[in-house]
Amino acid sequence: MTQRTRTAVRSLPRDWVDNAIRLIEADARRSADTHLLRYPLPSAWSSAGPDAQVALYLKDETTHITGSLKHRLARSLFLYALCNGWIGEGTTVVEASSGSTAVSEAYFAALLGLPFVAVVPVATSAAKIALIESHGGRCHFVKYASDVYAEAARVAAETGGHYLDQFTNAERATDWRGNNNIAESIYEQLGEETHPIPSWIVVGAGTGGTSATIGRYIRYRRHATRLCVVDPENSAFFPAYAEDRYDITTGASSRIEGIGRPRVEPSFLPSVVDRMVSVPDAASIAACRHVSAVLGRRVGPSTGTNIWGAFGLLAEMVAAGRSGSLVTLLADSGDRYSDTYFNDEWVAAQGLDLTGPAQALVEFERSCQWN
């Protein structure tokens, strides 16, 4: 018997998806690139003349419309899901998040008229929860950070929705070769500076997507830049990298929101990282307060982690008599953390003493001595 030709159709209606992608692209066109700020370092550091000076630049991701570095990731994740046919009209979008990613994803869900559920740890700051809800998102709480993955998948299945899964898809969703990603933007903005190819770029790891994008771009463009990833306490990334073991779990949540994870996330690519630095939580908080005072505006705690790592590398360069530039990120605004990292009572309740790190930061900017 001759077999008949059979046809099956499963794809989502294209008109809605086409318009959704247009809306996201239109939103990107209305947005200017984020600023690259030069951090005010003491000119007296260099004794070898102006050609041996070092420069520190801060990529200010707080100027995104949703206020953080995660705006880039959220846009990429939505486009990735739309172009893969995973999101259609009326799809409930679900994410496992420590806060800032969910804020940005709630914004894009609202832009497309889609319901959004953020599965967040109960320790997430009240300000971030309020921001998620202000964009029309709904928060679903879990006690432990390690529970967000399974609970987000369960909520997505229960609602017939789609789990964006930032921790798996961050390194896949971003076009690391260019297309105005954060790495391409940094190098374009440095083009007319004295040292346009930075010696180091310093970033934290939450999903691992930012370090993966920057590390791949550095290699793709054959730049001499090296990538340093800074990691807070209770995070699995640093011990895994140091021991070359990626099955490590910590069983604890990071106290520095936005970075650090209890497990090594699939989007973290250790092979593109040249160095990792473990930063004490007291140092991260002291540094975010220090930078806030220098800049005259509050920056978030993960920016403090970045700055602590960057200062250590700057001190190495100065001690070795090497000139060059270094770039790190202002990941989000400190205004989201008024009730935590900028609250002395909250810091004391965490058992943290900022005195030593605060003194080290002042001494560093005076003498460039880093212990």
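Into which domains is the protein divided? The model I am showing is a predicted one, and in it the protein is divided into domain 1, which takes in residues 32-64 together with 178-367, and domain 2, which covers 88-160. If we take the centres over C-alpha atoms, domain 1 and domain 2 are separated by 27 Å.

Let me turn to how these two parts meet. On the side of domain 1, 11 residues are in contact with 14 residues of domain 2, and between them the two domains bury about 960 Å², with 47% of that area on carbon and sulfur atoms. Within domain 1, the residues that lose the most area to domain 2 are Glu257, Arg261 and Arg336, which together make up 53% of what that side buries.

As for the polar side of this interface, there are six residue pairs in polar contact between domain 1 and domain 2, counting pairs with both residues at pLDDT 80 or more. The residues of domain 1 that touch domain 2 divide into seven charged, two polar and two nonpolar. The rule finds one salt bridge across the interface, and I would also point you to Glu257, whose side chain meets that of Lys128 in a salt bridge, at 3.1 Å from N to O.

Finally, a word on Arg6, which is found in the segment before helix H1, the helix that runs over 14-29. Arg6 is classed as exposed because its relative accessible area is 78%, where the cut-off for exposed is over 50%. Arg6 and Gln369 lie 363 residues apart in sequence, and from C-alpha to C-alpha they are 74 Å apart in space.

Definitions and conventions:
Residues numbered from 1 in each chain as written. Predicted model: local features only at pLDDT ≥ 70, side-chain atom pairs only at ≥ 80, totals over all residues. Heavy atoms only, no water. Domains from an automatic or database assignment. Contact = heavy atoms within 4.5 Å. Buried area = accessible area lost by both parts, 1.4 Å probe. Salt bridge = Lys/Arg side-chain N within 4 Å of Asp/Glu carboxyl O. Polar contact = N/O pair within 3.5 Å; in protein donor to acceptor, adjacent residues only side chain to side chain. Nonpolar A, V, L, I, M, F, W, Y, C, P; charged D, E, K, R; others polar. Helix = DSSP H or I, 4+ residues; strand = E, 2+ residues; numbered from the N terminus. Buried < 20%, exposed > 50% of the residue type's maximum accessible area, 1.4 Å probe, protein only.
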